[in-house]
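Welcome! Here is a short briefing to read alongside the structure. Take a moment to look it over, and then follow the points below.

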2 protein chains.
Amino acid sequence: MVWAPDPQAVGKTIDQLDTPCLLLDLDRLERNLDAMARFFADKPVRLRPHAKTHKTPNVARMQLERGAVGICCAKLGEAEVMAAGGISGILVTTEVVGPAKIRRLIGLAQQASVITVVDDAAAAQAVSDAAAAAGLRLRCLVDVDVGQHRTGVEPGESALDLALKVARMPGLELAGLQGYEGHAQHIVDPDERRTAHAAAMQPLCQTADLLAVHGLPTEIVSTGGTGTHQFAADYRAITEVQAGSYVVMDIEYGHVAGLSFESALTVLASVVSRSGTAAIVDAGYKSLSTDSGPPRAKNLDARYTPRGDEHGRLTFDSGNPLAIGDKVEITPSHCDTTINLHDLYYVTRDGRVVAVWPVAARGRVQ
Amino acid sequence: MVWAPDPQAVGKTIDQLDTPCLLLDLDRLERNLDAMARFFADKPVRLRPHAKTHKTPNVARMQLERGAVGICCAKLGEAEVMAAGGISGILVTTEVVGPAKIRRLIGLAQQASVITVVDDAAAAQAVSDAAAAAGLRLRCLVDVDVGQHRTGVEPGESALDLALKVARMPGLELAGLQGYEGHAQHIVDPDERRTAHAAAMQPLCQTADLLAVHGLPTEIVSTGGTGTHQFAADYRAITEVQAGSYVVMDIEYGHVAGLSFESALTVLASVVSRSGTAAIVDAGYKSLSTDSGPPRAKNLDARYTPRGDEHGRLTFDSGNPLAIGDKVEITPSHCDTTINLHDLYYVTRDGRVVAVWPVAARGRVQ
């Protein structure tokens, strides 16, 4: 008697769905995918969209059909789900560390085209040893810290030093650099954002030049996200952009000026209690992430505040148009972490469900 | 080739596990369960622990074996998982609204002993109609707002009015009241907490007396949580406490003075990158919730700050004892929402895995 997804959902109107559930507006999604594909169509830079946002091979296929050079995944578990869904050309954007993960990376590379990243010589050697033992040469990028101070080796001589070592490792095939400027993505003002982006790209491009001077390959220089994708083509050395959130957007990216993508994702919730100027809905921390600020009610002049794991409070300045049982859509503040809470997308067109897609890589944090 | 839980995990040491993963210390869990059971053993108040925290019938069974009168669930989906796991005596602590959910509530009640809550006459009538049509009388509590301002009808006359209506509904059997003082649970100072608790219990107990005066049943008056469980027995009208987090605790409850439960839950992470006084681990927003503040590294003098979906930064005041590949345990700030991110518990005793339990109700927000 454990609940299973309603097989009859297709054809239902949004109002007929049980709540809370994740709604994906297919028209908006497609327009976002088309707009990004169009943007890169006439540029030397390519798009390798990040699948950590959507976590479904369905959207990855739509991205590849529109010209994406491949996809990115944050974790091996995501990459395994994508490969099982027929996706290839997968850049795993985080370092693969430890024997269990290296075994899985080798297994993955035997079934799909995979690129890995490294920021440490000993860790790279461990991957190389396993790949060589399996008769593989794994394509590999040196991950460079361009100012985010998360992963990555220092640009310049440190990166060159690691690249020279990787180039000599029999199980790795050096293909270039990764340098993700995550710290620049959400800067609201476009001029400030462009300046922060430039400050990150300068050391990345200089490092690419340094590798080239030493005869090392730089056929891939992977960087960028939704907030900075417009600026990437200004740099000759950059070959691809890793944007993820553009597919559905969220409140946080909605604040970033100069982006032309549409909000395509909401959580449908029901009013379960009401009093005065407030309505309580059945979506709290376990349905809507709050790591990037509060979600926002769509088409309602109300403020959403989380009220525990399973409730949110919609507060109106005056009056309260909602009755118990009414359904409301709430736009996530952070798409990636909200999608990761849900098992299913209810995919809609013109307010009606046209498909139900599993969030196939949900929870694949390993 | 999609990743499946390692069937060989049992017998491994913690250091041999892949990361990030959720570790549950069985000795500490059992001591917490025993301590709470002992606390209520000689009191007129009973324990009906909240399963929204642990989300597994395995722990629910351990609670029932130790004398719990039943369990609580926040959502029907959780209750369905518990019932499928053989658990009965389930109080669903949130209002059941809408035809789809009412159908599921009826289905659940046909297979397990279930209690529902209501805070609105029309919503109660809809549940009653469906129950009566199925030939059922569902036990029901009137949910009272005791100051949390989430769900619940006003105490006193409003609650009495609803109780009188419910008592006349053929599909419902009024059993008493629920009044959860969530706002008092995390007050650090025990005297302040007791005062806030008293302010919430006064209207609840007065409402119970009012029902009794009108000949209405108050055999269940359900309230309380981990932070206030000690005070419940001071009130004659209160019959049961809904504590949940005591089973594993977390950083936020760790600040609450006067609780004697142990931290039994951590997320195991690996160092994947390092530089200077910082180490980057492979656990970010998608492995450790941040709705209740930052998680904390266990047994390390380091500060954890999330660095995106899949990374966290451990910062040491000076030095950095960690190497790439090292494993660290991180204690969640909020147990409920962190558990809900994971599919599996790695259950350990003396540092070795003795079982792997599915977080069976993970994601069951409907």
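In this predicted model, B:Leu91 has B:Ile115 in β5(B) as its bridge partner. Strand β4 (residues 90–92) of chain B and β5(B) run parallel and are joined by two bridges, where two strands pair if DSSP finds at least two bridges between them. The chain goes from β4(B) through α4(B) to β5(B) in a right-handed β-α-β crossover; right-handed here says that, with the strands pointing away from the viewer, the path from the first strand over the helix to the second runs clockwise.

A word on conventions: residues are numbered from 1 along each chain as its sequence is written, while chains are lettered from A and ligands numbered from 1 in the order in which they are written. Local features need pLDDT of at least 70 and side-chain atom pairs count only at pLDDT 80 or more, whereas totals for chains, interfaces and linings use all residues. Helices (H or I, at least four residues) and strands (E, at least two) are DSSP runs, numbered from the N terminus.

**Around strand β5 of chain B**
- Five of the five residues of β5 (residues 114–118) of chain B are buried, a residue being buried if 20 or more other C-beta atoms, placed from the backbone, lie within 10 Å of its own, exposed if 12 or fewer, and partly exposed in between.
- Both faces of β5(B) are covered, with B:Val114, B:Thr116 and B:Val118 on one side and B:Ile115 and B:Val117 on the other.
- Four bridges pair β5(B) in the parallel sense with strand β6 (residues 138–143) of chain B, and here B:Ile115 stands opposite B:Arg139.

**The whole sheet**
- Strands of a sheet pair through backbone hydrogen bonds, either parallel or antiparallel.
- In chain B, eight strands form an open sheet with parallel pairing, in the order β2-β9-β8-β7-β6-β5-β4-β3.
- β2 (46–47) and β3 of chain B are at the edges with a single partner strand each, so one side of each has no neighbour in the sheet.
- Strands β8 (residues 220–223) and β9 (residues 240–241) of chain B are parallel and share two bridges, with B:Ser222 opposite B:Glu240.

**Helix α2 of chain B**
- Helix α2 (residues 57–65) of chain B has B:Pro57, B:Val59, B:Ala60, B:Met62 and B:Gln63 as its buried residues.
- Those buried residues pack against α1 (26–41), β3 (71–73) and α3 of chain B, contact being counted when C-beta atoms, placed from the backbone, lie within 7 Å.
- After α2(B) comes B:Gly67, with a positive phi near 105°.

**How the two chains meet**
- The contact takes 55 residues from chain B and 55 residues from chain A.
- On the side of chain B that touches chain A, α3(B) gives the most, with five residues.
- Because 100% of the interface residues of chain B are also interface residues in chain A, the copies meet through the same surface.

Conventions. Two residues are in contact if their C-beta atoms, placed from the backbone, lie within 7 Å.
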